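Please look over the sequence and the structure shown here before reading on.

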Amino acid sequence: MRVLVTGASGFLGSHIAEAFASAGHDVRTLLRKTSSRAFLQFPHEEVVGDITQPDSLPAAVAGVDVVVHAAGLIKARNEREFASVNEHGTTHLLRAIVAHNPDLKRLIHISSIAAHGSSPDGRPRPADAPPKPITAYGRSKLGGEIAVRQSPLANRSVIFRPPAIYGPRDPALLPFFQLAKWHFAPLLEGGRNRTSMIYGPDCANAVLMAATAETNIGDRVYYPEDGGVYTWRDMLAVIEEASGKKMLLIPTPRFAYDAAALGSELFGKITRRAVIFDREKVREMSQNAWVCSAETLRADLGWRPQVLAREGAKLTYEWYKATGWL
């Protein structure tokens, strides 16, 4: 099978592309000229392009059996910038497929639990519950989902809404291990907010199984998660164990986080760079729960997570050390 993976230079995208290559499939990647190739140490065909540049897409989509759309922004300078990639970029890709590969067998669209919304009562929200994104990022990912559902490819498309993804190559978890190195961690509102999690390579394997499934799973929405629900305290505990460093946990009020986020935003404006930590991120972190269920994924495909948080934190820490990130 020949598969196109967009966003293959990133954390999850590189694991997805690698999973297909390891399974013996022909992998094509869509990469910008400036994209890093550091994580792409496996056989693949490269097409230089960008989902925000429609003219670059026909060569990427032509002749493939499956498209895995993992490209997207997780940080941006404003809502318009999020939408230009996560929503409008998805629309460009869909139009290119319809025009240049109308017989595509399956599209896997990587969205986010942020597009659907948090869980106020601490229980997974039904996949068909009304979406309630609370950030510009979430709204842009929802926009991408809507574009998929309204396209001629809708009945051949599968949407993944992962919760918090972590693992080797993940820059987002690195600051928590750095806090362990400094032996302290600030806890937002006591650190009892809850979240589902998934190890990156396990999420990639779920995508591989969905892409190659012989049964009709079009129009499905899947939530890959490892079966656990973790508080911030739980997550810090496994990081402590993995790193062998004890942290002083310091309960920190919301206003202190907001103040730090505002400082980060001001730095971003001065340097004209997107920052990952802003007041919208604090709003996300302050929600009671971001939990979901992989029940449908397990029932349809027989998928099971292979790595849980304790082992995953250890593998991630070892990768950070081996590559010099820590």
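The report below takes up a helix, a sheet and the cysteines in turn.

## Helix 1 and its surroundings

In this predicted model, helix 1 covers residues 11–22, and the distance from its first C-alpha to its last is 17 Å, close to the 16 Å expected for its 12 residues at 1.5 Å a residue. The residue Gly24, which follows helix 1, has a positive phi, near 90 degrees.

Helix 1 is largely enclosed by the rest of the structure, because 10 of its 12 residues are buried. Among these buried residues are Phe11, Leu12, Ile16 and Phe20, together with His15 and Ser14. The elements that cover them include strand 1 (2–6), strand 2 (26–31), strand 4 (66–69), strand 5 (106–110) and strand 7 (164–166), as well as helix 7 (200–212).

An open sheet with mixed pairing is formed by 3 strands, whose order is 12-9-14. Strand 12 (230–231) and strand 14 (289–290) are its edge strands, each of them pairing on one side only. Strand 9, made of residues 194–195, pairs with strand 12 in the antiparallel sense over 2 bridges, and Arg194 stands opposite Thr231 of strand 12.

Cys203 takes part in none, and the nearest cysteine sulfur, that of Cys292, lies 10 Å away. Since a disulfide requires sulfur atoms within 2.5 Å, the 10 Å between the sulfur of Cys292 and the closest cysteine sulfur, in Cys203, is too far for a bond. Cys203 is buried, with a relative accessible area of 0%, and Cys292 is also buried, with a relative accessible area of 7%.

How values were computed: Residues are numbered from 1 along each chain as its sequence is written. This is a predicted model: local features need pLDDT of at least 70, side-chain atom pairs count only at pLDDT 80 or more; totals for chains, interfaces and linings use all residues. Side-chain values use heavy atoms; hydrogens and water are left out. Two strands pair if DSSP finds at least two bridges between them. Helices (H or I, at least four residues) and strands (E, at least two) are DSSP runs, numbered from the N terminus. The expected span of a helix is 1.5 Å times one less than its number of residues. Buried means under 20% relative accessible area, exposed over 50%, partly exposed in between (1.4 Å probe, protein chains only). Contact means heavy atoms within 4.5 Å.
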